[in-house]
Amino acid sequence: MSKAPSSRKSTRTKGATNIVAERKSRPLPRLETPTFLSSQATDEIAAALTALLADSFALYLKTKNFHWHVSGPHFRDYHLMFDEQAAEIFAMSDPLAERARKVGGTTLRSIGHIGRLQRLLDNDAGYVEPADMLAELMEDNKQLAAFMRQTHDLCDEYDDVATESLLEEFIDQTEKRVWFLFEASRGMQTSGH
Ligand SMILES: [Fe+2]
């Protein structure tokens with residue numbers, strides 16, 4: 001059963017809304033691809049996927065940042081875990097971008113484009129306590145999983161089962177990262193910064 005159009009508003013994000021406006025203002029006939037979706041569905045799903053892609057790049061770089069700058073007695077454990085998680089996050093990028101193209105939309109074009117769409121925040125601090133790194137990455141991954149669920153709901157409204165399937169796999173991976181970060185941070189005190 002189809003839902004009222006107003007229910008879709010909750011699944012739209014600020015970043016996604018920006019890219020929908022961007023696409024509508026600039027038709028790209030040379031980049032059109034075949035799709036079973038309506039033009040509205042294409043706009044909304046491609047925008048949501050592109051916002052997820054921007055968040056994935058932001059989280060990838062933060063995770064690498066912490067991999068490079070972690071310090072202390074658990075250095076080896078955290079250094080290696082952050083690298084594993086960064087590789088997993090990076091591996092989501094190509095399928096997300098190509099899915100946006102497969103549904104008839106366009107996607108990221110530059111680092112500047114990421115900066116305009118990302119919802120997860122950067123951390124440019126000169127020093128971050130290891131416990132704070134774990135806590136921040138755990139919250140970011142939780143947030144990313146929540147954004148993925150919103151996009152999954154949007155795809156469900158348009159019967160885009162392939163994007164839903166892709167996201168289900170990525171949600172599972174993201175929840176695994178949350179689990180590992182949670183277990184690694186048990187009993188640690190964060191600085192509260
Ligand atoms: Fe490395």
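Analyst: The buried residues of helix 6 pack against helix 2 (39–69), helix 3 (75–102) and helix 5 (130–157). Helices here are DSSP runs of H or I with at least four residues, strands are runs of E with at least two, and both are numbered from the N terminus. The model is predicted: local features need pLDDT of at least 70, side-chain atom pairs count only at pLDDT 80 or more, and totals for chains, interfaces and linings use all residues. Residues are numbered from 1 along each chain as its sequence is written.

User: Which residues of helix 6 are buried?

Analyst: An α-helix has 3.6 residues a turn, so residues three or four places apart point the same way. In helix 6, the buried residues are Thr163, Leu166, Leu167, Phe170, Thr174, Arg177 and Leu181. Buried denotes 20 or more other C-beta atoms, placed from the backbone, within 10 Å of the residue's own; exposed denotes 12 or fewer, and partly exposed lies in between.

User: How is the pairing of helix 3 and helix 6 described?

Analyst: Two packed helices are described by the angle between their axes and the distance between the axes. The axes of helix 3 and helix 6 come within 11 Å and cross at roughly 165°; these axes are lines fitted to C-alpha atoms over the stretch in contact, with angles from 0 to 180 degrees between N-to-C directions. The two helices, helix 3 and helix 6, are therefore roughly antiparallel, the term for angles over 145 degrees. Among the residues that meet are Met81, Gln85 and Met92 in helix 3, and Leu166, Phe170 and Phe180 in helix 6. Contact requires C-beta atoms, placed from the backbone, within 7 Å.

User: Which residues of the largest nonpolar core touch the most other members?

Analyst: In soluble globular proteins, nonpolar side chains tend to be buried together. Of the 30 residues in the largest nonpolar core, Ile45, Ala48, Leu49, Leu52, Leu53 and Ala54 touch the most other members. Such a core is a set of buried Ala, Val, Leu, Ile, Met, Phe, Trp, Tyr and Cys residues joined through C-beta atoms within 7 Å. Helix 2 provides the largest share of this core, 13 residues. A second, separate core of 10 residues includes Tyr78, Phe82, Leu137 and Leu181.

User: How many residues of helix 2 are buried?

Analyst: Helix 2 is mostly covered, with 22 of its 31 residues buried. Leaving aside neighbours within four places in sequence, Leu52 is in contact with Leu96, Phe147, Met148 and Thr151. Across the 193 residues of the protein, 35% count as buried.

Definitions and conventions. Contact = placed C-beta atoms within 7 Å. Parallel < 35°, antiparallel > 145°, perpendicular 65-115°, else oblique.
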